[in-house]
Amino acid sequence: MAGEAEDEIPESGAVFTFGKSKFADNVPSKFWLKNDTPLRISCGDEHTALITDNGKLYMFGSNNWGQLGLGTKTTVNKPTCVKAQGNVYTTGGNSEGQLGLGDCEEKTSFHRVDFFSSHAPIRMLAAGSNTSAALTEDGRLYMWGDNTEGQIGLGAQANAVTPQEVAVGRPVSWVSCGYYHSALVTADGDLYTFGERDNGKLGLPPELLDKHRVPQMVPAIPDGVLQVACGGGHTVALTEDDVYTFGLGQFGQLGHGTFTSESPLPRAVEHFRKGRVKHAACGENHTAVITDKGLLYTFGDGRHGKLGLGEENFTNQFEPTLCPRFLRYCVQTVACGGCHMLVLATPRPKDTQDVSLEEDDVIDGYLEKSHTELLGDSIASSTLNRSLSARVRRRERERSPEPFGLMYRTLPPLTSASLNASLPTRIRTLPPRRLPRDLPDGKIRNGIRPLKDPLSAKNGKLLHEKPRMRSPLLAKTQTTVRA
């Protein structure tokens with residue numbers, strides 16, 4: 001494992017860390033693996049999983065419930081190899097049966113989910129606060145764990161301790177789990193959502209919200225949906241041409257500007273030209289997207305520096321904001337957790353001819369640098385003139401960093417003494433949870449259903465060890481793997 005000067009990053013790429021990742025004292029950093037190549041990354045609330053080209057699984061971060069699968073509950077601050085082989089394995093918190101093992105006992109090491117031994121190969125895994133999902137190669141979706149809000153789509157059933165099939169009459173191609181809601185995409189491009197119905201996160205019209213405990217098709221997106229990502233209280237859907245967001249937006253996670261604190265129905269993000277965005281990921285209150293040219297944009301909650309916009313930029317971003325440090329790289333994938341973000345990127349080819357930006361992109365904090373410094377000396381000036389939009393180049397010529405310094409620098413410069421200091425944050429990272437309105441009577445005691453511990457509400461985790469896994473998303477405090 002290594003992490004040195006940026007120009008020494010290998011061609012296979014490096015993993016960049018931002019926010020409360022537990023790596024490098026939570027200071028923005030990067031690492032790569034000797035004799036192996038990172039392939040997939042996934043984030044929980046404050047923990048991370050990494051799968052390599054050689055089929056190895058590495059874990060690091062918070063470990064309060066044993067979600068790292070290392071046999072202890074000790075926090076791990078560097079990627080550590082976990083030995084788990086064959087089928088689907090789970091570890092971590094299990095208060096609602098989210099490990100799929102038939103019980104509700106917490107595990108600190110990986111245990112095999114025998115249910116999948118006789119089913120088709122797993123294509124994709126996802127996890128929410130206390131929920132888990134597995135999608136098979138033949139398009140069948142299985143979910144298990146907490147269902148108090150309908151987030152595993154099983155109607156009135158309160159929870160499931162083993163995987164249960166969730167069917168919509170057609171093969172499923174994508175699945176994502178948020179904190180208390182979930183979404184799936186069918187092979188023919190329809191989007192279905194289910195779970196907690198508050199704040200518009202399901203994107204459903206009022207007449208469909210009463211059936212939120214089973215998957216409901218979202219009618220407001222005119223084109224076929226390719227991918228979906230669920231955050232703490234918002235949802236992002238990607239079509240061939242556009243990015244649609246809906247739900248809570250008080251931190252800017254919807255990307256619609258400062259005047260949109262909530263959007264009950266899907267709305268296209270206007271920042272991008274048609275067809276540019278190819279991948280989207282959601283954290284608790286932030287969003288990241290990757291364009292067709294490997295550029296990274298983030299927006300939403302900027303606490304802990306998890307948006308990757310510089311060590312001094314911890315502010316919320318209400319519109320998609322370019323991450324300038326990745327202009328010299330091709331971003332391969334991004335994963336967002338509750339408090340951090342990981343980015344897998346490779347060096348941009350020296351002969352690249354196109355790193356075009358959007359018309360409204362502003363390189364905040366980098367205005368004093370030339371484009372050659374941003375992109376690397378190996379890129380010719382003629383290429384820059386063709387690639388960068390005229391509007392951005394004009395801004396660099398006309399703006400001086402001094403007049404705008406106070407505007408952009410909302411926090412004082414970091415010093416060596418302050419790098420290890422933590423910002424004041426909430427102890428609770430989970431969004432407030434409402435009492436279920438339509439919980440079956442069997443789960444109510446003395447007329448009141450107790451609220452769950454907000455910390456134990458995020459203790460499950462899912463992974464897939466084989467490269468075939470498209471998107472190994474982790475639960476907030478549990479883990480699932482398929483070899």
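Okay, a definition to start: helices (H or I, at least four residues) and strands (E, at least two) are DSSP runs, numbered from the N terminus. With that in hand, look at Val88, which sits in strand β7, residues 88-92. Buried means under 20% relative accessible area, exposed means over 50%, and partly exposed is in between, with a 1.4 Å probe and protein chains only. Val88 is buried, because its relative accessibility is 0%. Its C-alpha is 5.1 Å from that of Val481, although 393 residues separate Val88 and Val481 in sequence.

Some housekeeping. This is a predicted model, so local features need pLDDT of at least 70, side-chain atom pairs count only at pLDDT 80 or more, and totals for chains, interfaces and linings use all residues. Residues are numbered from 1 along each chain as its sequence is written, and side-chain values use heavy atoms, with hydrogens and water left out.

So, the overall picture. How many helices and strands does the protein have? There are 5 helices and 27 strands. The protein has 483 residues, and 59% of them count as buried. Accessible areas come from the Shrake-Rupley method with a 1.4 Å probe, and for residues only the protein chains shown count as cover. On that basis the accessible surface is about 19,100 Å², with 49% of it belonging to carbon and sulfur atoms. Now contacts, meaning heavy atoms within 4.5 Å. Take those between residues at least 6 apart in sequence: 57% of them join residues at least 24 apart.

Next, confidence. pLDDT is the predictor's confidence in each residue, from 0 to 100. The mean for the protein is 81, and 73% of its residues reach 70 or more. Where does pLDDT stay under 50? One stretch is residues 366-429, for which the model has 89 contacts beyond four places in sequence. Another is residues 437-473, with 146 contacts beyond four places in sequence.

On to the backbone. Most residues other than glycine have a negative phi. Asn26 has a phi near 65°, a positive value in a residue other than glycine. Asn26 is in the loop between β1 (14-19) and β2 (29-31), and it counts as partly exposed because its relative accessibility is 29%. Asn199 also isn't a glycine, and it has a positive phi of about 65°. You'll find Asn199 in the loop between β15 (191-195) and α1 (206-209). At 24% relative accessibility, Asn199 is partly exposed.

A quick word on strand pairing: two strands pair if DSSP finds at least two bridges between them. Strands β3 (residues 38-43) and β4 (residues 47-52) run antiparallel and are joined by 5 bridges. The hairpin from β3 to β4 goes through 3 residues. Within this pairing, Arg40 stands opposite Ile51 in β4.

Aromatics now. Rings of Phe, Tyr and Trp (its six-membered ring) pair if their centres lie within 6.5 Å; planes under 30 degrees apart count as stacked, over 60 as edge-to-face and the rest as tilted. The structure holds 12 such aromatic pairs. Among them are Phe31 and Phe60, with ring centres 6.0 Å apart and planes at 85°, so this pair is edge-to-face. Phe31 is in strand β2 and Phe60 in strand β5 (residues 57-61), so the pair ties together parts 29 residues apart in sequence. Both Phe31 and Phe60 are buried. There's also an aromatic cluster made of Phe16, Phe18, Phe326 and Tyr329.

Last topic, salt bridges: a side-chain nitrogen of Lys or Arg within 4 Å of a carboxyl oxygen of Asp or Glu. How many does a search of the whole structure find? It finds 16 salt bridges. One of them is Lys107 with Asp103, 3.3 Å from N to O. Lys107 is buried at 11% relative accessibility, whereas Asp103 is partly exposed at 25%. Arg112 and Asp114 meet at 2.8 Å, N to O. Arg112 is partly exposed at 40%, and Asp114 is partly exposed at 48%.

Then there's Arg197 with Asp210, at 3.4 Å, N to O. Arg197 lies in the loop between β15 and α1, and Asp210 in the loop between α1 and β16 (216-217), so the pair ties together parts 13 residues apart in sequence. Buried or exposed, for Arg197? Arg197 counts as buried, at 19% relative accessibility, while Asp210 counts as exposed at 62%. And finally, salt bridges with shared partners join Arg273, Arg276, Asp292 and Glu358 into one network.
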